[in-house]
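Me: Could you walk me through a model that I have open here? I would like to take it one topic at a time.

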Amino acid sequence: MEIKGLNPDALSVLLKDRPAPILPSSIESEGMTTPGFGNLLQQAIDKVNGLQKESSSMMHKIETGESDDLLGTMIAMQKSSISFQALMQVRNKAVTAYEDIMRMQI
């Protein structure tokens, strides 16, 4: 069984009719611009992704014999693991908050 990827043309048609995001990208108050929650969350996800890529790259170098920095690799792997677990906790709290709000009686 062959699994094919999505057609990019079909995706562009779907994304064209997509509504504008609900959350603002930044909040402006008293002349200062503060990044919105969506931007902060995206930055956190990007940082966790970067840590995972870095640790994966270091692990690959250890496996192929390009590097012998086992301690640095182990530390990088632990950093990426802890940051991923923290991100999952934030996600779980956000989902719980959403569920609590949805259960509120108006």
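Me: Is Ser55 buried or exposed?

Reply: Ser55 counts as buried because its relative accessibility is 8%, where buried means under 20% relative accessible area, exposed over 50% and partly exposed in between, using a 1.4 Å probe and protein chains only. This is a predicted model, in which local features need pLDDT of at least 70 and side-chain atom pairs count only at pLDDT 80 or more, while totals for chains, interfaces and linings use all residues. Residues are numbered from 1 along each chain as its sequence is written, and side-chain values use heavy atoms, with hydrogens and water left out.

Me: What does Ser55 touch?

Reply: Leaving aside residues up to four places away in sequence, Ser55 touches Ala76, Met77 and Ser80, contact meaning heavy atoms within 4.5 Å. A polar atom of the Ser55 side chain also lies 3.1 Å from the backbone oxygen of Gln52.

Me: And which helix is Ser55 in?

Reply: Ser55 lies in helix H2; helices (H or I, at least four residues) and strands (E, at least two) are DSSP runs, numbered from the N terminus.

Me: Why does the end-to-end distance of H2 agree with its number of residues?

Reply: Helix H2 has 28 residues (37-64), so at 1.5 Å a residue it should span 40 Å, and its end C-alpha atoms are 40 Å apart, which agrees. The expected span is 1.5 Å times one less than the number of residues. After H2 comes Gly65, whose phi is positive, near 85°.

Me: Switching to the surface, which residues make the nonpolar patch?

Reply: Phe37, Leu41, Ile45 and Val90 make a nonpolar surface patch of about 340 Å², and H2 gives the most to it, with three residues. Phe37, which is found in helix H2, is exposed, with a relative accessible area of 53%.

Me: What about charges, how many salt bridges are there?

Reply: The count comes to two salt bridges, a salt bridge being a side-chain nitrogen of Lys or Arg within 4 Å of a carboxyl oxygen of Asp or Glu. Arg103 pairs with Glu99, their closest N and O atoms being 3.8 Å apart, and Arg103 also meets Asp100 at 3.4 Å, N to O.

Me: Where do Arg103 and Glu99 lie?

Reply: Both lie in helix H3 (residues 70-103), four residues apart, about one turn of the helix. Arg103 counts as exposed at 59% relative accessibility, whereas Glu99 is partly exposed at 38%.

How values were computed
A polar contact is a pair of N or O atoms within 3.5 Å; within protein, one must be able to donate a hydrogen and the other to accept it, and residues adjacent in sequence count only if both atoms are side-chain atoms. Patches are made of residues with over 30% relative accessible area and no salt bridge: like charges are joined within 9 Å, nonpolar side chains (Val, Leu, Ile, Met, Phe, Trp, Tyr) within 5 Å. Accessible areas come from the Shrake-Rupley method with a 1.4 Å probe; for residues, only the protein chains shown count as cover.
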